[in-house]
Amino acid sequence: MIRALRERFEANYSEERYRSLREHCARHVGVPIPFRIAESPLFLSRETVDQAAAVASQLLEVAVRSANSTSLPTGHAYAGATPHPTFAAVDLAITDASVGLPFRLIELQGFPSLLHWQDLLGGSMAECYELGTGLTGYADASLDHQHYHRLLSRAIVAGHDPREVILLE
């Protein structure tokens, strides 16, 4: 963890800023946020992020191999099926590195709306808690907000009229 950033977040936290965070998120999604935002940002070094991304990639490969071999009975595949999911989010716990691998799987999800929410939440926290503009939640260091959203749009909307596209999770 990057302690200086964590301390800045804790020093800037207040109920007023939390309300501002909820309002900021609600403005962007167009509806009130009906739940408490309980996430707290993690401030990780690039090295830690890269290690976590490598572990997540390995776990995803194992899950995909397993799912592809056992999920669908023969003859029930759908047209356009791909060998890998378009969307995947791997939640990891960071544990005591002295006992071996410092990451443990919490859950694996494949909901595209989650990918938008996490991006919105990270940017909203950076703004509402005055954390600076250089922070991102992207495992891929080459991404920025605009590039990320172009990729997400291309995958979800796929060139169609966005008003005609729904997410069915």
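How close do the axes of helix 4 and helix 5 come, and at roughly what angle do they cross?

Tutor: The model is a predicted one, and what follows should be read as such. The axes of helix 4, residues 112–128, and helix 5, residues 145–156, come within 11 Å, and the crossing angle is roughly 165°. An angle over 145 degrees counts as roughly antiparallel. Helix 4 and helix 5 are therefore roughly antiparallel to each other. Their crossing is left-handed. On the side of helix 4, the contact is made by Pro112, Leu115, His116 and Asp119. Helix 5 contributes His145, Tyr148, His149, Leu152 and Ile156. By type, the residues of this contact divide into five nonpolar, three polar and one charged.

Helix 4 also packs against helix 2, residues 15–29; here the axes come within 9 Å and cross at roughly 140°. That angle makes helix 2 oblique to helix 4. The crossing of helix 2 and helix 4 is right-handed, whereas that of helix 4 and helix 5 is left-handed. From helix 2, the residues taking part are Arg17, Ser20, Leu21, His24, Cys25, His28 and Val29. They meet Trp117, Leu120, Leu121, Ser124, Met125, Glu127 and Cys128 in helix 4. The residues of this contact comprise eight nonpolar, four polar and two charged.

Next comes the loop that joins the two helices of your question. Glu130 lies in the loop between helix 4 and helix 5. Its phi is positive, about 50°, although Glu130 is not a glycine. Most residues other than glycine have a negative phi. Ala158, in the segment after helix 5, is another non-glycine residue with a positive phi, near 50°.

The side chain of Asn12 reaches the backbone oxygen of Tyr129 at 2.9 Å. Apart from its neighbours within four places in sequence, Asn12 is in contact with Arg17, Tyr129 and Glu130.

A pair of aromatic rings is described by the distance of the centres and the angle of the planes. With centres within 6.5 Å as the criterion, the count comes to six aromatic pairs. One of them is formed by Phe9 and Tyr129, at 4.8 Å centre to centre with 70° between the planes, and is edge-to-face.

As for the setting, the protein chain has five helices and two strands. Along the sequence the pattern is α-α-α-β-β-α-α. Taken along the principal axes, the C-alpha atoms fill a box of roughly 60 × 50 × 30 Å.

Definitions and conventions:
Residues numbered from 1 in each chain as written. Predicted model: local features only at pLDDT ≥ 70, side-chain atom pairs only at ≥ 80, totals over all residues. Heavy atoms only, no water. Polar contact = N/O pair within 3.5 Å; in protein donor to acceptor, adjacent residues only side chain to side chain. Contact = heavy atoms within 4.5 Å. Axes fitted to C-alpha atoms, helices over the stretch in contact; angles between N-to-C directions. Helix = DSSP H or I, 4+ residues; strand = E, 2+ residues; numbered from the N terminus. Parallel < 35°, antiparallel > 145°, perpendicular 65-115°, else oblique. Left-handed = near helix turned anticlockwise from the far one by under 90°. Nonpolar A, V, L, I, M, F, W, Y, C, P; charged D, E, K, R; others polar. Phe/Tyr/Trp six-rings, centres within 6.5 Å; stacked < 30°, edge-to-face > 60°.
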